[in-house]
Amino acid sequence: MRRTVKRGPSRLVGLAALCAVLAGCGIRTTSVPVEAGAAPSRMPCELSAEDSSSPAAPGIPLQVYLICGAQLVPVDRAVRTPGEKPVSGRTRVAQTLLDELQEEPSDEEKQAGFTTDVRETLAVSGARKGDPRGALRLSSQPEDLPAHALAQIVCTYADSAASGSDRSVVLGGPSDDPVRAYRCTAALKSRPESVPVPGEILPSR
């Protein structure tokens, strides 16, 4: 005669205990269904202290905004200058920062997920006759730049000596169009794909 094994509450209790033991050993179930494939990768968007302050890269410290995880994230850089003299003058500061934005991210920055959309052909110059004081002229019209690139420039300049006393960035292009004031807002940092909204047209002097 075949014996029938009853699977009652005691078996359920045993299974529950086994699951508890496995959980206590650090074995966790995955929240990603097997059929869905691998989980999307996440970039850290952060450099280690060792990478960001490497003694192998001395120079004048500065900060630029790069793209990572569809947002703008500040990154510390160091630029070499003759005699390690500080970079001064609004236009020189603006060009130095623009050069850094055009640089290909380092291996460490790439591994952390950083990229840049600022083109290598872009240049910056000082105010023209009639421009308000502190204005900067890009070699391309600001509104013609990729949205991410313009956002990078605006936020990088806003946190530097290239901005005005109110941290606005006054930009124009090569045309005779008047310059406009731009601001780096929290919304722009989190959504750089949205073109920075310029302020009112600044009157000529």
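Tutor: Let us begin with Ile153 in this predicted model: leaving aside residues up to four places away in sequence, Ile153 touches Leu98, Leu101, Val118, Leu122, Leu145 and Leu171.

Student: Which residues touch the most other members of the largest nonpolar core?

Tutor: That core holds 39 residues, and those touching the most other members are Phe114, Ile153, Tyr157 and Leu171. At least two residues of the core come from each of S1, S2, helix H3 (90–102), S4, helix H5 (147–158) and strand S5 (169–172), and the largest share, eight residues, is supplied by H5.

Student: How should I read the strands, and what is the order of the open sheet of four strands?

Tutor: As a general idea, strands of a sheet pair through backbone hydrogen bonds, in either a parallel or an antiparallel sense. In this structure the open sheet has the order S3-S4-S5-S6, and its pairing is mixed. Strand S3 (124–125) and strand S6 (180–182) each have a single partner strand and stand at the edges, so one side of each is left without a neighbour in the sheet. H5 packs on this sheet, where H5 touches S3, S4, S5 and S6, and the direction of H5 makes about 140° with that of S5.

Student: How many bridges join S3 to S4, and which residue is the bridge partner of Ser125?

Tutor: S3 and S4 run antiparallel and are joined by two bridges, and the partner of Ser125 is Arg137 in S4, the strand that covers residues 136–138.

Student: Is Arg137 buried or exposed?

Tutor: The cut-off for calling a residue buried is a relative accessible area under 20%, and Arg137 is buried because its value is 5%. A polar atom of the Arg137 side chain lies 3.2 Å from the backbone oxygen of Asp177. Not counting residues up to four places away in sequence, the residues that Arg137 touches include Ser125, Arg128, Asp131, Ser175, Asp177 and Val179.

Student: Where should I look for a hairpin, and which residue takes a positive phi there?

Tutor: Look at strand S1 (residues 60–68) and strand S2 (residues 71–79), which pair in the antiparallel sense over nine bridges, with Ile60 standing opposite Val79 in S2. The hairpin of S1 and S2 has two residues between the strands, and Gly69 takes a positive phi near 60°.

Definitions and conventions: Residues are numbered from 1 along each chain as its sequence is written. This is a predicted model: local features need pLDDT of at least 70, side-chain atom pairs count only at pLDDT 80 or more; totals for chains, interfaces and linings use all residues. Side-chain values use heavy atoms; hydrogens and water are left out. Buried means under 20% relative accessible area, exposed over 50%, partly exposed in between (1.4 Å probe, protein chains only). A polar contact is a pair of N or O atoms within 3.5 Å; within protein, one must be able to donate a hydrogen and the other to accept it, and residues adjacent in sequence count only if both atoms are side-chain atoms. Contact means heavy atoms within 4.5 Å. Two strands pair if DSSP finds at least two bridges between them. A nonpolar core is a set of buried Ala, Val, Leu, Ile, Met, Phe, Trp, Tyr and Cys residues joined through side-chain atoms within 4.5 Å. Axes are lines fitted to C-alpha atoms, for helices over the stretch in contact, and angles run from 0 to 180 degrees between N-to-C directions.
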